[in-house]
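Please look over the sequence and the model below. The report that follows takes up a few of the strands, helices and loops in turn.

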Amino acid sequence: RVCDTAQPADRRRALTLPRRQELEVLEPSAYYSAEEVKALPRGPRNAGFPMAVLAVSHSWESEEHPDPHGRTLLMLADAITTAQAIQVSKGPYTWQTLPSRVAVFFDFCSLFQPPRAKEEPPIGEGPTMALRAALTRMQVWYAHQLTTCFFVTDGNTETANDGSHTPYHERGWPTFEYHVSAIGKAITSSGWPQLVDVGLGVDTLFERGVPLTPAALEHLLESKRFTDGTDHGLVLSLYKKTVQCMIIGASRLIYSSCEWGPDEVRAFAAAWQPPPRERTSSDAPRASPEVCGVSTLRFSLCDRLEHFSLATNPIGPSGVAAFCENIGPGTLPRLKFLNFFNNQVGDDGLRCIAELLRRTPPHLPMLKTIRITGKNDTTPDGKHALEEACRSRGIKIEG
């Protein structure tokens, strides 16, 4: 604590966070044990019992220290206390406040740091191995469905104009953290907001965009700055692992209340399409050289997916059409439940679904239930068209 009579420079120095290996010696009580984290109160059941664990994503002000003047720290502290005090609302929905006690992951203080100056001693074999192990699992802090992520997108703006600081969205690691966090987090007013862009304000709900394919992220990272060039391959590998686990291998995908429209649905569903193929001189299909590489990994056919929801997104009839256009005979082969609750699909949207179900060979062969309740602007004529198509397949309609 710095007394009120301290000079501004002294106050700034006091806000300079020490590295993990120093902080745990100086302030051992600053750290939670694993048992203490597990004992922290969880969020409500309807929100999936989120944990009171907050992962911070931020840019580094310099190569030696992420926040030498404490600006990011002050922004983060203000954001956390605000999130613990105010409820965010949108329309008829109101989110809970952030818990009063949270465990915070801040890389500089949470991970052992390698020496970044000649006078700094090496950290030893044990901490080095711990750091390497942590870096190969960094996606878990951000992508995990039960953690909360705060993105300090406009931190350190005082230094952004003198060329010494690279802004948040121009850096490699923050770009990865920003996009990997949005793959599987729930957006539900049953709990507190689990994605918060501090730069936009704690009282502004995060709008989750369409998850990037690994190929799209790889292209995006080409223009981003990495202090260590070898990290480019590392973050891309971590992102691919996350997509493989949370999208391609998922049994449930819930993208409700994301403010997606037709364009977003089209972008996401298009990634289900098989990759393009080239023809040889003998007209036998073969994968192109680019497709053979992991860099073009798509969302594949999601052959384990059983439940898919676009509920409460203003996709309209065009969004339903975009979804149906990208469903091939082998796409989503195990899908059982399709949720178009509150999507303003209209009669044209219902007719698109009916046409999809009448295709041969059968598309979505395991589909059992379609939900069209909520605000969907449908009439008996549109429902009749869907009912006829569902009756022949033994599919139940909710709505």
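## Strand β1 and its partners

Which residue in β5 is the bridge partner of Ser 57? The bridge partner is Phe 151, and five bridges in all join β1 to strand β5 (residues 148-152), with the two strands running parallel. Strands pair here if DSSP finds at least two bridges between them, while helices (H or I, at least four residues) and strands (E, at least two) are DSSP runs numbered from the N terminus. This is a predicted model, in which local features need pLDDT of at least 70 and side-chain atom pairs count only at pLDDT 80 or more, whereas totals for chains, interfaces and linings use all residues. Residues are numbered from 1 along each chain as its sequence is written, and side-chain values use heavy atoms, with hydrogens and water left out.

Strand β1 (residues 53-58) also pairs with strand β4 (residues 103-105), again in the parallel sense and over three bridges, and there Val 53 has Ala 103 as its bridge partner. Six of the six residues of β1 are buried, where buried means under 20% relative accessible area, exposed over 50% and partly exposed in between (1.4 Å probe, protein chains only). Both faces of the strand are covered, with Val 53, Ala 55 and Ser 57 on one side and Leu 54, Val 56 and His 58 on the other.

## A five-stranded open sheet

Five strands form an open sheet with parallel pairing, in the order β7-β10-β11-β12-β13. Because β7 (252-254) and β13 (396-398) stand at the edges with a single partner strand each, one side of each is left without a neighbour in the sheet. Between β7 and strand β10 (residues 307-309) there are three bridges in the parallel sense, and Ile 254 stands opposite Ser 309 in β10.

## Helix α15

Helix α15 (residues 380-393) has 14 residues and reaches 20 Å from its first C-alpha to its last, close to the 20 Å expected at 1.5 Å a residue, the expected span being 1.5 Å times one less than the number of residues. Its buried residues are Gly 382, Ala 385, Leu 386, Ala 389 and Cys 390. They cover an arc of only 125 degrees around the axis, which puts them on the same side of α15; the arc is that of the directions from the helix axis to the C-beta atoms.

These buried residues pack against α14 (346-357), β12 (369-371) and β13, with contact meaning heavy atoms within 4.5 Å. On the face turned away from the buried side, α15 carries the exposed residues Pro 380, Asp 381, Arg 391 and Ser 392. The helix is followed by Gly 394, which has a positive phi near 70 degrees.

## Gln 139 in helix α7

Gln 139 lies in helix α7 (residues 139-143) and is buried, with a relative accessible area of 12%. Leaving aside neighbours within four places in sequence, Gln 139 is in contact with His 144, Phe 176, Val 180, Leu 238 and Thr 242.

## Loops with particular backbone geometry

Glu 259, in the loop between β7 and α11 (262-270), has a positive phi of about 65 degrees although it is not a glycine, and its relative accessibility of 37% counts as partly exposed. Thr 312 is found in the loop between β10 and α13 (316-325); Thr 312, not a glycine either, has a positive phi of about 55 degrees and is partly exposed, with a relative accessible area of 22%.
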